[in-house]
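This briefing goes through one structure by topic. Have the sequence and the model at hand while reading.

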Amino acid sequence: MTGYRRRQSVLIPHANRGGGAAPRRLSVEIGVHRNPFIKKAPDVSAIYSQESLRVVEGGSSGFYSVHFKFLAPPTHPIIVSPLSAAHNLRIYPSVIKFTPENAHLPQFFRVSVLEDPEADLLKPIHLEHSIQSIDPAFGGPDIHHAPKTLTVHVFHSGGKYLLSTGDSTYGEVGRDTFEPQFSFDEVSFRHLYLARAGLSQKRLTLTGPRKSSLCENVHVTSFTRIACGSRHSIVLDANGRLFGFGDAAQGQLGLDLTVHTPKPHVWNGVDVDGRLHSKILEVACGAEHTMAITDDGELLAWGENDHNQLGFSSRLLPTLALPKCVPALGQKIAQLACGLKHSIALLENGMVFTWGYGKSGALGHGSRENTQVPTQVQSLHGTSVFQVACGDMHSAVVSNDGQLLTAGWCENGRLGRAKANDDCSSTFEAVNLRGKLCSFVTCGGAHTLCLTDTYDVMGFGANGYGQLGLGDCHDRAHPVEVVFFRKVKVHHLASGKFHSLAISDERMLYAWGNGEQGQCGLDSFPQIYTLPHLVKSLLGCPVAAGNAFTLVLTENTPAMVHELAGRDEHWRVRQKELVSSDQARRNAIRAALEAKKAQKFRAAMQHHPIHSILSHLDTVKAKALATKQIEPGREAPKHAADAADTNRTQHLNSASSPAATTRSTAQLLQQPLSSVASPSLRCKSANGSARAVHAMLQQSPSLQRALKSAAALQCPRSGLGGCVGSPLHAHTTIVPSSTGDARAPPSPVAKTKWLWQQKKAVAQRTHARLQPRPASPPPTYEASLLYLAAVSPHAV
């Protein structure tokens with residue numbers, strides 16, 4: 001404790017010349033002790049949920065919340081405004097208004113970044129906040145901000161190199177081959193650099209103001225956008241030029257071609273009406289149609305139009321081999337998405353227009369009719385939309401407040417919510433993300449993946465090829481977290497028809513799902529991957545996926561990554577760490593899934609009749625071992641088989657005559673079930689009563705047919721009693737032998753090799769007399785007699 005002295009003035013009387021007493025001021029020092037290290041707590045603090053955000057340029061966004069901590073509540077509303085000097089930064093909402101009642105509750109801002117070729121994305125963007133209120137405690141500079149500045153890290157959406165892998169039946173990987181590729185490699189554009197390449201491009205030359213200037217001596221420096229259809233690919237470079245390759249049977253490449261193109265070709269910028277378009281900003285691909293946005297705000301469409309998915313009448317224009325302008329929608333288009341036979345456009349004001357195939361309900365208009373022209377979605381009226389996405393037969397949108405809404409076909413749970421009565425939802429409805437906000441969504445053929453505000457990956461829908469990354473192949477009707485990415489921060493997702501991809505903050509690419517045609521690019525034996533796998537051959541940037549192929553934009557080719565690992569010790573060590581952690585993470589998830597599966601099985605078996613049967617077998621084994629020590633050697637299965645055959649023969653001989661059969665049936669009916677049935681069918685619990693057995697038998701038609709057939713033949717359908725090593729007769733007990741050479745009693749433990757031999761022997765003896773076995777486990781002869789006596793007493 002340190003101290004300091006404070007002066008204080010004190011009035012004291014004193015004598016003057018006039019003899020009167022007048023007070024005078026005297027300064028004295030009073031000792032005060034304070035701790036200089038203790039700071040006064042602020043009366044008001046603005047608390048922000050994040051210190052930094054990760055945002056993809058033109059892609060996924062980020063969320064952060066703000067709320068207040070205070071000693072005394074505010075008396076007037078509070079206005080919070082984010083401030084930033086970056087012109088390409090977009091924040092929604094622009095301001096948040098807090099009332100005295102909700103000032104302590106968090107409210108969210110969404111941060112996104114528009115594409116800007118001139119912006120320096122290497123430098124992070126800093127955000128500060130302005131807080132204003134009539135209440136002086138909440139409107140002055142004394143408010144404490146925690147943290148004071150929020151940092152936004154921006155990931156570039158382009159790359160220098162285009163890589164591809166997967167099925168190339170139609171040349172959709174663009175590597176001048178029609179053979180499938182199982183690893184990523186570069187797509188070459190060198191053939192466009194040469195002037196003589198114009199010879200192969202003559203059929204692309206159109207009459208117009210610029211002829212084929214874009215087709216001759218093209219030099220590609222970088223790429224900004226990639227889009228994949230079912231069997232074709234579209235790429236945009238930094239100059240806004242459009243390149244296409246793959247299937248062109250329906251004109252979906254927009255190059256006036258109808259043959260497959262295994263190498264990239266460039267569009268000359270002239271549409272079907274002879275109008276010149278100098279720059280393309282955005283592109284989206286459906287199954288066999290393509291749509292694009294120009295720098296003038298015009299919407300272009302080409303390809304298949306059998307269900308009006310291009311925005312024109314399918315009777316007038318069934319297909320388009322060259323782009324054509326779609327009538328204006330009133331405002332500038334911000335984003336496009338295409339499904340199998342439908343299309344979606346998002347305007348800058350947040351309104352959504354859809355058109356095309358509507359039988360699946362994916363248009364969201366409340367009906368299941370096809371729409372010929374772009375029509376506003378009324379079910380989204382009043383909702384400000386941030387992003388749109390399309391699957392084959394469903395659609396998804398993300399609102400600015402972080403809500404995920406879906407519409408379309410409900411099969412496989414692809415909508416992530418309760419199914420409609422007709423298995424379709426023709427209006428957009430919200431998906432429950434368990435309190436989380438959606439920052440990005442992508443749709444595959446019949447599955448959906450989304451990225452939350454906490455950077456968790458959630459998926460739902462079809463999972464027949466493991467495309468959800470959950471470690472199994474079971475569909476999910478509601479959002480489920482992908483556990484693999486709990487320790488891997490992801491900022492971008494992409495989905496193909498049966499496979500999925502993700503890019504981490506370290507620009508590592510992960511792939512999972514169907515990899516039988518090489519679309520995962522893991523350079524391994526073609527198989528199905530139910531958990532995400534690290535693609536070790538490259539560092540990923542943006543990624544797009546088609547039916548069975550994948551395109552990636554990167555800053556480094558696989559050869560450059562391999563060379564970097566050879567000369568950079570730090571990167572080589574880091575790569576080994578990533579590979580080992582990736583494998584360890586998958587092993588841990590598999591072990592957890594197996595443990596959960598075993599626990600679920602044990603819980604289910606606690607109430608199953610077989611549980612009491614197994615408990616009884618354990619009791620019989622314990623008694624046998626207590627009576628006579630049975631060594632689990634090679635002779636035990638043989639003794640058990642001999643004993644079972646002997647018991648079966650004696651039983652058949654005693655039941656050969658009708659009188660004996662009737663007499664044995666009467667005895668069975670007079671005795672309790674636990675004493676008649678073989679030990680394998682006994683049940684000590686309440687579930688093993690006679691009524692439960694009769695109910696079980698009556699519920700299984702196949703078991704009833706098997707019981708009747710077995711009773712009619714007067715022989716057991718299988719050697720179940722012998723298979724488990726227990727006697728057929730209920731009163732047979734294991735008696736210790738007095739002689740050393742006597743046969744050992746049957747073993748109560750089932751042996752794998754002996755089971756196989758016993759089943760083979762039974763099948764050989766009864767092949768001529770037995771009918772095909774039922775799907776359920778075959779019953780014993782005693783159980784068949786008991787059933788027939790209970791159902792029809794005159795049948796025996």
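In this predicted model, helix H3 has eight residues to look at where burial is concerned: Trp571, Gln575, Leu578, Asp582, Arg585, Arg586, Ile589 and Met605 are its buried residues. An α-helix has 3.6 residues a turn, so residues three or four places apart point the same way.

**Helix H3**
- The 37 residues of H3 should span 54 Å at 1.5 Å a residue, and this agrees with its end C-alpha atoms, which are 54 Å apart.

**Nonpolar cores**
- The largest nonpolar core has 37 residues, and those touching the most other members are Phe485, Val490, Leu493, Leu509 and Tyr510.
- Helix H3 (569-605) is one of the elements that give two or more residues to this core; others include helix H2 (558-567), strand E35 (490-495) and strand E37 (508-514).
- Beyond its neighbours within four places in sequence, Phe485 is in contact with Val457, Val490, Ala502, Tyr510, Trp512 and Pro532.
- Another core, of 34 residues, lies apart from the largest one, and its members include Ala227, Cys285, Leu329 and Leu347.

**A five-stranded sheet**
- Five strands form an open sheet with mixed pairing, in the order E4-E12-E10-E6-E8.
- Strand E4 (52-56) and strand E8 (96-98) are at the edges and each have a single partner strand, so one side of each has no neighbour in the sheet.
- On average, neighbouring strands of this sheet are turned by 25° against each other, direction ignored.
- Within the sheet, strand E10 (residues 125-133) pairs with strand E12 (residues 150-155) in the antiparallel sense, over three bridges.
- His126 has Thr151 in E12 opposite.

Key
Residues are numbered from 1 along each chain as its sequence is written. This is a predicted model: local features need pLDDT of at least 70, side-chain atom pairs count only at pLDDT 80 or more; totals for chains, interfaces and linings use all residues. Side-chain values use heavy atoms; hydrogens and water are left out. Two strands pair if DSSP finds at least two bridges between them. Helices (H or I, at least four residues) and strands (E, at least two) are DSSP runs, numbered from the N terminus. Axes are lines fitted to C-alpha atoms, for helices over the stretch in contact, and angles run from 0 to 180 degrees between N-to-C directions. A nonpolar core is a set of buried Ala, Val, Leu, Ile, Met, Phe, Trp, Tyr and Cys residues joined through side-chain atoms within 4.5 Å. Buried means under 20% relative accessible area, exposed over 50%, partly exposed in between (1.4 Å probe, protein chains only). Contact means heavy atoms within 4.5 Å. The expected span of a helix is 1.5 Å times one less than its number of residues.
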